[in-house]
Amino acid sequence: MRTLVITENVTLDGAVEMLDDWFDPAREPDPDHLALTRRQGREADALLLGRRTFEDFRGYWPLQSHDTTGTTEYLDRVQKHVVSSTMTDPQWRNSTVLTGDPLEQVRALKDRPGKDIVCTGSITLVHALITAGLVDEYRLFVHPAVQGRGRRLFPDGHVIPRLRLLDARSFGSGVTYAAYRPARGRTQEDMP
């Protein structure tokens, strides 16, 4: 079964909804941050997005002619799956519209052979995936900003009793990175 990864840029106070200018995709990232992002891109062959995030990406990334981050090239080649009840033609190469029950569609994607499936942005979709227990890993890029408002990564009232830290790093920009996997009972790895 493929791994479903939620990758989000988040403020120190947990906001993933970008209402202020704490995140700028055009800003040149720290070289170590960029290397990590590129590695994650090599480990994934599917991108899962909600309609609004998909439209935001489609309206921005294909227009970038001097993107030194490699994001434009990655998004052009990766298989994109957009969850939408209204979109019929995604108008972006390597894109498929998932119709019907989105959770069943995601379960079917996870059952297919392949690399990681990454979901980013797409707060409503991410909340549904979290609530349904479909998320295998969380990769968070925490920005040194407090927005004080906006939707958070986890839905209100949702509890995950324990997460296992997989990786943690800090970058010269002040951004920190942490990857977590939900602990599903005590395993040998969790033992002291």
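**Strands, cores and charged pairs in a predicted model**

Tutor: Strand β1 (residues 4-11) and strand β5 run parallel, and three bridges join them. Please keep in mind throughout that this is a predicted model.

Student: Which residue in β5 stands opposite L4?

Tutor: The position facing L4 in β5 is I117. Strand β5 also has a partner in strand β2 (residues 44-50), to which four bridges join it, again in a parallel arrangement.

Student: What is the bridge partner of L47 in β5?

Tutor: L47 is paired with V118.

Student: How should I read a group of buried nonpolar residues?

Tutor: The general idea is that nonpolar side chains in soluble globular proteins tend to be buried together. In this structure the largest nonpolar core has 22 residues, and those touching the most other members are L4, I6, L48, C119, L129, Y138 and L153. Two or more residues of this core come from each of β1, β2, α4 (102-111), β5, α5 (123-131) and β6 (137-143), and the largest share, five residues, is given by α5.

Student: Which residues does Y138 contact, leaving aside its neighbours within four places in sequence?

Tutor: With those neighbours set aside, the contacts of Y138 are I6, I130, L153, F154, I160, L163, A178, A179, Y180 and P182. There is also a second, separate core of 14 residues, with V5, L49, V82 and W92 among them.

Student: How should I read a pair of charged side chains?

Tutor: The general idea is that side chains of opposite charge can pair when their charged atoms come close. Across the whole structure, a search finds 14 salt bridges. One of the pairs to examine is R51 with E55, whose closest N and O atoms are 2.9 Å apart; both residues lie in helix α2 (residues 51-60), separated by four residues, or about one turn of the helix. R51 counts as partly exposed because its relative accessibility is 29%, and E55 is likewise partly exposed, at 30%.

Student: Where do R93 and D76 lie, and why does their pairing tie together separate parts of the sequence?

Tutor: The side chains of R93 and D76 meet in a salt bridge at 2.8 Å, N to O. R93 lies in the loop between β3 and β4, whereas D76 belongs to helix α3 (residues 71-77), so the pair ties together parts that are 17 residues apart in sequence. D76 is partly exposed, with a relative accessible area of 28%.

Student: Is E137 buried or exposed?

Tutor: E137 counts as buried because its relative accessibility is 8%, the cut-off for buried being under 20%. Its side chain meets that of R181 in a salt bridge of 3.2 Å, N to O, and this pair links distant parts of the chain, with R181 in strand β8 (residues 176-182) and E137 in strand β6, 44 residues apart. R181, at 30% relative accessibility, counts as partly exposed. Salt bridges with shared partners join D116, E137, R139 and R181 into one network.

Student: Why does Q91 count as exposed?

Tutor: Q91 counts as exposed because its relative accessibility is 58%, and the cut-off for exposed is over 50%. Q91 lies in the loop between β3 (79-83) and β4 (95-98); although Q91 and E55 are 36 residues apart in sequence, their C-alpha atoms are 9.7 Å apart in space.

Key: Residues numbered from 1 in each chain as written. Predicted model: local features only at pLDDT ≥ 70, side-chain atom pairs only at ≥ 80, totals over all residues. Heavy atoms only, no water. Pairing = 2+ DSSP bridges. Core = buried A, V, L, I, M, F, W, Y, C linked by side-chain atoms within 4.5 Å. Buried < 20%, exposed > 50% of the residue type's maximum accessible area, 1.4 Å probe, protein only. Contact = heavy atoms within 4.5 Å. Salt bridge = Lys/Arg side-chain N within 4 Å of Asp/Glu carboxyl O.
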